[in-house]
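Student: I would like to go through a protein model with you. Could we begin with the overall layout?
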Amino acid sequence: MVTGQPLYAAVCAGAAAWLLLDRERGPRRARLLFAGVGGTAVPDRWSWRRWAPVVRLRREWLCLVVGVVLALLGRSVLPLVAGACAVPLVGRRLRAREGARARERRADAVIALCGAVAGDLRAGWQPGQALLWAARGTGALGGEEAAVLAAARFGGDVPEALRRAAREDGADGLAGLAACWQVAVDGGAGLAAGLDRLETALRERRDQRERLRAQMAGAWATVGLLAALPVVALAMGWALGADPLRVLLHTPAGLGCLAVGGLLEGLGLWWAGRVVRAGEEP
């Protein structure tokens, strides 16, 4: 009777898997049969895409994973606490980096918008029509896209709408577009020529920022190397047969060295990052 239990468990697992696949087969067949009918899609409850945002691990939670591993290896709760405290700090840093990349994408979209509007104006289009076709779906206008396009379509105050859109991160070039538009409307100046000069200035500023970032890449690499030196030292001690985690986590001298070393490491990284960021400012 005992020998038959694994067979019963295997049969039950196979039946459960067959029922799950059969339950998933119906929605899949419905999607294949009615794809594109009425513009609606049949939801798939069992698709991995539906639950991917739930099970996806954000990068800052890797700090907690590393803390758990070190806590198990060192038989201490201190790495777990440190990993939990590092999660919000690393998450804020990652969000700041994502925000910087979003600002750069918005700035590139503004440059492309200026060039596209200038090209359409030379092709004989009216300013409002050129802005409508050039700005739609580019992301350069951000949350004010509907207001700017409505002003361009119905003869509203386009410069004011562009100034409001320029308040978003990375879209400060739209203030120059608003100024060019205002001058062209009030004084009859050539809008295409002004947009060409604005696009050139924005491209030069972007190129200067990229050159400066390339020059500071070595400094950031040095900061990262300094941050990794304590980890390398612990790994070397482990390779030599010592037990650095036991000394650091279970002895008074080790705890004192860990506290002082962590404080100095944090202050050093903060100061080095501050110096490098000051050098990156235009």
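Student: In what order do the elements of the protein chain run from the N terminus on?
Tutor: They run α-α-α-α-α-α-α-α-α-α-α-α, and the chain has 12 helices and zero strands. Helices (H or I, at least four residues) and strands (E, at least two) are DSSP runs, numbered from the N terminus. This is a predicted model, in which local features need pLDDT of at least 70 and side-chain atom pairs count only at pLDDT 80 or more, while totals for chains, interfaces and linings use all residues. Residues are numbered from 1 along each chain as its sequence is written, and side-chain values use heavy atoms, without hydrogens and water.

Student: What share of the residues is buried?
Tutor: Of the 282 residues, 26% are buried; that means under 20% relative accessible area, with exposed over 50% and partly exposed in between (1.4 Å probe, protein chains only).

Student: Where is Glu145 found?
Tutor: Glu145 belongs to helix α6, residues 145-154.

Student: New topic: is Leu255 buried or partly exposed?
Tutor: Leu255, which lies in helix α12, is partly exposed because its relative accessible area is 35%.
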